[in-house]
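This briefing covers salt bridges and a surface patch. Please look over the sequence and the model before reading on.

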Amino acid sequence: MPGTAGILFAAETEEVEGWRLLIPAGYDILWSSVVLIVIGVVFYKLVLPKFQAVLDERTEKIEGGLAKAAHAQEEAAAAKAEYEQQLQDARAEAARIREDARSEAGQIVAEAREKASAEAARIAETAQRQIEAERQQAAVSLRADVGSLATELASKIVGESLEDEARRSRVVERFLDDLDAQTTATAGKGN
Amino acid sequence: MTRTSRHPTPRAFDLQETALSSLATILPLAAEGESGFHKPSIAEFFPPAIWFEGTIFEINRIQFVRFVAVAVLLTIMVIAARRARLVPRRGQNMAEMLLDFVRVNVAQDILGKEKAPKYVALLTTIFFAIFAFNITGVIPFLNIAGTSLIGLPVMLALWVYVMYIGAGVRAHGVGGFLKSSLFPPGVPWPLYVLLTPVEFLQVFVLRPVTLAIRLMANMVAGHLMLVLCFSATQFLLFEASGGLKPFGALTLAGGFAITLFEVFVAALQAYIFVVLTAVYLSQSVEDEH
């Protein structure tokens, strides 16, 4: 290239020398600086800040939108979790109530059973007591009756020999004691 | 990163080679015809002054083209910024795509997410400015890149130079910055005898110089190729003898291709410039290991 370029430029060297391409003239420097400063000032002060502002605003908007979406999603997730929690709670509550009812029912039955058996025991005891009382009454009246009957019978059998009050009473007493011992023996055996 | 100037090599070179070889066959004919074959030359980059000739305020065609580029760029960007809304329309989408490209694919990829925001404004401004000045090279009636005159690339490179040295000094202090850039860690110390001068040249001289020259040279080469193709077309179609006229179609097609290529180069050079800027910044602020 230098060769061909040299040939080309050779024809012109009398007009403009090649070095002038590389060495800026004063006016060139001056006007270059002017145009660059003008461009620099307008770009730095006006064009770039404006575009930057628009760009920042856009970024902010997009980020805001994304944040809002994320927030909404978060809320939805929270609501879902809460709903599920409630459902879970409700299920647990229902189970608990059922369990309570079951145990309460069991308790009621047990109580009723206990009460019934106590009642039965009470009734049985009352009956027992009544029977005992009646038996004693019967024994007392029997003793009286049997005494007179036996005396009557014995006097009839024995006749006058037992007229004597003291002897008669002794005989009766002995008889009754025997009888008594007999009944207690049988009653003890029966018990 | 290669430090040599990055010409958009293979393809451009081929195109230029074919163009030049066809030119070689034409030149003698042109000389014979004495007609107006306009040879491309670097005189194109030093047009006569329009105002204030000879003073430091001299304004020529190229300065004027730069003013137009600035006006158009700022008009478009200010209108886009004014109309910028939360929900973008088509135009705003385009602008934002380019801004995003610089912010994400250049700043964040090279500097990392934490350090990038500090330099996004610088990189974006430079990218848009360079693209605007480059693209004037293929816009009808402007027809020359604002960056094809060395002053503008030099000022851009100087801006970057100040920024990356400033960033390094702010990050590590003067000593720390010098140490980290002149004595790269992890090297056996005798090698510093070789390495340190190279690194010094690299950081303080070659980086800004290559930034400026790469940009300027690409634009100059592109402009020369375009002039060559279109002036050859003009000559072949309208002034050359009958047998040569069909070659005009060839050079026209070449000019068409190079125009498209120059659009690509305009974007590519703007991209390379900001990528290298980001790399230099990142090397300056890089944490010491």
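Which kind of contact do the side chains of A:D100 and A:R96 make? They meet in a salt bridge, with 3.2 Å from N to O. The model is a predicted one, and by the rule used here 10 salt bridges are counted over all chains. The points below take up some of these pairs and then a nonpolar patch.

- A:D100 and A:R96 both belong to helix 2 of chain A, where 4 residues, or about one turn of the helix, lie between their positions.
- A:D100 and A:R96 are part of one network with A:E93, joined by salt bridges that share partners.
- A:R96 counts as partly exposed, because its relative accessibility is 43%.
- A:D100 is partly exposed as well, its relative accessible area being 37%.
- A further salt bridge links A:K80 to A:E84, and its closest N and O atoms are 3.6 Å apart.
- A:K80 and A:E84 are 4 residues apart in helix 2 of chain A, so about one helical turn separates them.
- A:K80 is exposed, because its relative accessible area is 52% and the cut-off for exposed is over 50%.
- A:E84, at a relative accessible area of 42%, is partly exposed.

**A nonpolar patch on chain B**

- Which residues form a nonpolar patch on the surface? The patch is made of B:I50, B:W51, B:F52, B:I56, B:F57 and B:F64.
- Together these residues have about 630 Å² of accessible area.
- B:I50, one of the patch residues, is placed in strand 1 (residues 49–51) of chain B.

Terms used: Residues are numbered from 1 along each chain as its sequence is written. Chains are lettered from A and ligands numbered from 1 in the order in which they are written. This is a predicted model: local features need pLDDT of at least 70, side-chain atom pairs count only at pLDDT 80 or more; totals for chains, interfaces and linings use all residues. Side-chain values use heavy atoms; hydrogens and water are left out. Patches are made of residues with over 30% relative accessible area and no salt bridge: like charges are joined within 9 Å, nonpolar side chains (Val, Leu, Ile, Met, Phe, Trp, Tyr) within 5 Å. Accessible areas come from the Shrake-Rupley method with a 1.4 Å probe; for residues, only the protein chains shown count as cover. A salt bridge is a side-chain nitrogen of Lys or Arg within 4 Å of a carboxyl oxygen of Asp or Glu. Helices (H or I, at least four residues) and strands (E, at least two) are DSSP runs, numbered from the N terminus. Buried means under 20% relative accessible area, exposed over 50%, partly exposed in between (1.4 Å probe, protein chains only).
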